Amino acid sequence: MEDLFNVSILCNGKMYERSIEPRLLLSDFLRHELDLTGTHVGCEHGVCGACTVLVDGLPVRSCLMFAVQASGHEVTTVEGLGEPDNLHPIQEAFWEAHGLQCGFCTPGFLMTLIPFLKENPKPTREDIRTAISGNICRCTGYQHIIDAVQLAAQKMSKP
Amino acid sequence: MTKKYLGKPITRNEDPQLLTGQALFVDDVDLPDMLHAAFLRSDYAHAHLKSIDISAALEKPGVVAVYTADSMGDDWAPGPPLVSPPPTVKDVVFNSRRQVPLVKDKIRHVGEAIAVVIAENRYIAEDAAEDILVDLEPLEAVVDLEAALKPDCILIHDDLESNLAAQLVQNKGDYQAAREKADLIIKKHFVIERGAAAAMENRGIVADWDVKSQHLTVWDTTQAPIPIRNGLAARYGLSERQVRVIAPFIGGAFGPKMMMFYPEELVIPWAAIKLGRPVKWIEDRRENFYATTQERIQIHEAEIALTSEGRVLGISDQFLHDTGAYDPYGLTIPLNTQSHLLGVYDIPNFTSEIKVVFTNKVISTPVRGAGRPQGVYAIERLLDMAAKELGMDKVEIRKLNFIPPDAFPYEQNYIDQAFAPLIFDSGNYLPAIEKAAELIGYEQFLKVDQPRYRSEGRHVGIGIVAFPETTGVGPYEGARITIEPSGKVSVATGVGTQGQGHFTTFAQIVADQVGVNPRDVNLVTGDTAEFHWGTGTFASRGAVVAANAIHASAKAVRKKILEHASKHLGAPEGELEIEDGQVRVADIPRMSISLGELAELANPLRGAVEPGTEPGLEATAYFGPQYGATAFGVHSMILEVDVETMTVDILRYVVVEDCGTVLNPLILEGQIHGGISMGIGNSYYEKLVYDDNGQLLNASLADYLIPMATEMPYIEIEHQETPSPLNPLGSKGVGEAGAIPVPALFAQALENALSDYDLEIRETPLSPNRLYELLTSKG
Amino acid sequence: MKLEGEYTFDGPREQVWELVRDPDVLVTALPGAKSLEQVGENEYEGEMNLRVGPVAGVFAGRLVVSNEQPPQSCTLTVEGKGKQGFVDGTGHVNLEELEDNKTLMKYEGDVQVGGKLASVGQRLVDTASKSIIRQGLDTMNKALVARVEARETGEKVDFTPPSESEFAVSVAKDMAGEALSSTTLKWVVGAAIVIILILVLVLINQNGL
């Protein structure tokens, strides 16, 4: 049994202190230690993007990061975006544009897009395609996702 | 009764949960005292298993148990057959060999499960699995289909005489006679390679045996919870009541999650019963490439016989189908291929022989398209080649051969995958191809745009193909609808949902009949405790079979509502209308009662329920179609090839689809987009590569290339509605339609773009490498 | 996967033969090697302990020498098994005396790879093995030179094998695209194939698998 490390992680605005094995992946930590199961694991080798979360505001593959590396940092997951009765504009946009089907890859897309839309408030469809080219969706063919992002940009630009 | 909701692009009921990460997928299930499983899988494709030493694994702290085939004792048995051989065709060869829970004596594909470790967490379980020592004697692996059938080839199933799993010949008319009358005969060899479904969610199972209540609950990423429940109950000597199988939200399926009684589905519940603690197994991505089923290869020797005017007299196709190490799905995929070998065309003569071959590869079971793309590939390619020989336009040759609209129902006179005579129920192909050609600017492209591109040195080409899709097969589905005292409506049906939007389309059907808002319809799918009669979600049948069961049940509830309301309001049923949850007398709005109140009244605390009636406002109904409805479509694309990098850019993509009555256009388009992305994958990017030793060489998403947003075109869809006469809603399935024509379309467009190279494409998928090889071998 | 090439050793054929037939030499030359024991007349078994970051594993290999025609040629058969998969290979080796006290080794072999190595490492295995062979033989050549000098001067052999990380680094550099010189190799193909086993694992592990 390996030695346990103490970590302090601020996640979705709440501070979590835990003792964990150093080899525990951040994705497993979020899903099983913190019971935040919105972040999904699709491949564990950094290709599909389903596990994307924000660490200090930047998108990161949580399957390629150890939880101990996040200690002292701020993590945002999809649970930090909104609630079913109080959706974030990007979540509303995905709903209205039918930007999801099975929903498994969706949290990863949303977290990738939050920093993207911050930097690119008026993206073209090509800009969006490139921004999401690191996230795999097997259900939608991406078209409604791109529609959703354009709609989200509109919603988020309103004062 | 007006269609207020059906056919409208209503946003989905299930999205808020999914968007906020609050939807339950199997890996989200967390039970107290839960254990975790990891499987030890074979590194060899073909080997005798001599002994297994689990002692080192057992000693690892945190390991609770290690099981092998021997541990299972009498509970060890191969999975049950999922389909039987076709009874109505004579001279069928059918050797049914199914997958086993854990290898007993022979390993037949890389990744086959040899042992399972149950531990306190997955990390420990995987570590311990590596400590298991396996002694085996490697054998030569059988990989090539043609070599597998040679008499001196090593046998994969030693009790058989050869590696032939099944053989079947089907005939229509007299192909030999037709051939003799033909002016032109073209014979070609086509190869369609292996591909995976690669859903974003890998498979998983959580099994919980409650000793005190003697009840087994299983969460499973399956498309078929009801057959799984029935099978597990039978296998472990339980009553069906003692087993509950739940398919919660599922992260995509596309076919392989319909495969039933995977080794893990046999082992994990067994382990949970044995240990008396819940056990969870979640597949990782690499495992998915070995442990979840895939589809194909098929090798076709196809021939077309035509008149000099381009009229097709007959089609002949002898093909080999690779089933992998076992064949639980029998002839399903190749029968689907046969059903589509004549395309949407009126071809009077046909002969086709299927040979299903065992190989030392992962089991092949239906993946989106399920054999249909292969049939369409053959016929559309042959037509293209015939058109070229005869100097005919590709659209013209198709139009000339279409089944005319007055010929329906069109009997094909051979059988389909449901073992019933293949009949196309309805269709109207001519307007579809004309519309597609118009939308993409077919004439304009060939006459004006393409010559201009050529003069600029650009290789841009156009393709257009037509295809049928058999959908909506039985046997049946059912649904139960209940009006609750709150006025909300609760619905239960047996099919599962893996992203198709059932929670919404089905709600729309109910809402129209019962007079509520779809948002007030709460649906449960895929939970055997809620509804336990049905088969599953597969073969593009949800929108046909389940939807019509829901429709029938909703109509029955509506009838009860009107009966009760009529009594209560003292008005004849004919004068009543239901809207926004209220039943009222038309023209006298103050004479009304809410559905909720009516539901309470229908469930009396005093008094009696009259004989021949039932309490409450609830109805259960079933629907089983006579045979499957045939949808169809036309796809067209313009693509550009860079002859230096061999990369392909799709400039335009047009679809005209006809799936009968449209239930929800938003969801429909999503299905088509998704299907096309898999079709594009199967055309240029996705190929599972096995080496001569049966080793899968690209078992990761880094090497198995799934189309990303940058590979996808903007898809323009036009709808046509030729309702099906086979069901009250007039609907047909569409789940696989997007994927079916794409490889054939891609080949045609590429050849057109590279016409200065005189290229003939007879395989799929291609790739930049492969295209380069084909072009340079031309010199 | 086919492997073939040549390597020129800076020493006479007999000494090369001797050096390489000595398991103690091979063990020190191969980083991570726990043991390489002669278990039969022409059979060796070895164990490599591989540690890259937090990942560690043991890889067991068996080497059989056959068709021996000393000091000219032989056939080597290698079987290696580990948690990352397995490697089975056969190689034929030929030694030729050259002028000025050098020896030319020609080798050709066929290696089958399975398990994780094949499915995830497949793209790396080809380049990695060529590089590993070259690096391994360079190391052996240095050991040979030291021995030859020691014999001449009567002093102790002055040879420090490269450390595990140095070895891995130089292979990684090769992988990154340095031109692979198909320098002639000597008789250490047997050891080289065992090196393949180790170093492919090193590279696989380094690539985060």
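In what order do the 5 strands of the open sheet in chain A sit? Select chain A and look: the order is S2-S1-S5-S3-S4, and the pairing is mixed. Strands here are DSSP runs of E, at least two residues, while helices are runs of H or I, at least four residues, all numbered from the N terminus. Two strands pair if DSSP finds at least two bridges between them.

Before you go on, know that this is a predicted model: local features need pLDDT of at least 70, side-chain atom pairs count only at pLDDT 80 or more, and totals for chains, interfaces and linings use all residues. Residues are numbered from 1 along each chain as its sequence is written, with chains lettered from A and ligands numbered from 1 in the order in which they are written.

Next, pick out residues 14-20 and 58-61 of chain A: these are S2 and S4, the edge strands, each pairing on one side only.

Now zoom in on S3 (52-55) and S5 (74-76) of chain A, which pair in the antiparallel sense over 2 bridges. Here A:Val55 stands opposite A:Val75 in S5(A). Strands of a sheet pair through backbone hydrogen bonds.

Then show chain B. The contact (C-beta atoms, placed from the backbone, within 7 Å) takes 43 residues from chain A and 44 residues from chain B. On the chain A side, select H2 (89-96), H3, H4 (125-131) and H5 (143-157): each gives two or more residues. H2(A) gives the largest share, 4 residues.

Conventions:
Contact = placed C-beta atoms within 7 Å.
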